[in-house]
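Biologist: I am new to this structure and would like to go through it by question and answer. Could we begin once it is displayed?

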Amino acid sequence: MERDRENDLLSRACDELIEQNALLQQEVELLRAQLRRHPTGEMQIREAHRQMDEWLETTRGRSPFPSDRQSVAAY
């Protein structure tokens with residue numbers, strides 16, 4: 001009985017996180033669209049992606065959280 005309650009709470013928490021993630025992804029896309037309207041916007045987006053890739057490479061193997069690629073592969 002207690003285990004079912006815990007599973008239900010975890011399931012609800014996961015659902016909420018998935019919903020928040022979807023909202024954040026929408027916001028990122030809107031911000032990206034706004035940024036692309038500026039002359040240097042696309043260059044700033046590419047630079048941010050490059051920095052994120054570098055960060056992922058330096059933290060790979062040190063984080064308890066899977067990378068985006070690993071998360072997608074798990075589904």
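This is a predicted model: local features need pLDDT of at least 70, side-chain atom pairs count only at pLDDT 80 or more; totals for chains, interfaces and linings use all residues.

Biologist: With which residue does aspartate 8 form a salt bridge?

Modeller: A salt bridge here is a side-chain nitrogen of Lys or Arg within 4 Å of a carboxyl oxygen of Asp or Glu. For aspartate 8, the closest N and O atoms of the pair are 2.3 Å apart. Both partners belong to helix H1 (residues 2-36), four residues apart and so separated by about one helical turn. The partner, with a relative accessible area of 52%, is exposed; it is arginine 12.

Biologist: How many helices does the protein chain have?

Modeller: Helices (H or I, at least four residues) and strands (E, at least two) are DSSP runs, numbered from the N terminus. From that end, the elements run α-α-α. The chain has zero strands, and its helices number three.

Biologist: How far apart are the closest N and O atoms of arginine 32 and glutamate 29?

Modeller: These two residues lie three residues apart in helix H1, about one turn of the helix. Arginine 32 is partly exposed at 22% relative accessibility, and glutamate 29 is partly exposed at 44%. They form a salt bridge whose closest N and O atoms are separated by 2.8 Å.

Biologist: Which residues are linked with Arg50 in a network of salt bridges?

Modeller: Arginine 50 and glutamate 47 lie in helix H2 (residues 41-59), three residues apart. The closest N and O atoms of their salt bridge are 2.4 Å apart. Arginine 50 is partly exposed at 39%, as is glutamate 47 at 33%. The residues linked with Arg50 in the network are Glu47 and Glu54.

Biologist: What share of the residues in the protein chain is buried?

Modeller: The protein chain holds 75 residues. Among these, the buried share is 4%.

Note on methods:
Residues are numbered from 1 along each chain as its sequence is written. Side-chain values use heavy atoms; hydrogens and water are left out. Buried means under 20% relative accessible area, exposed over 50%, partly exposed in between (1.4 Å probe, protein chains only).
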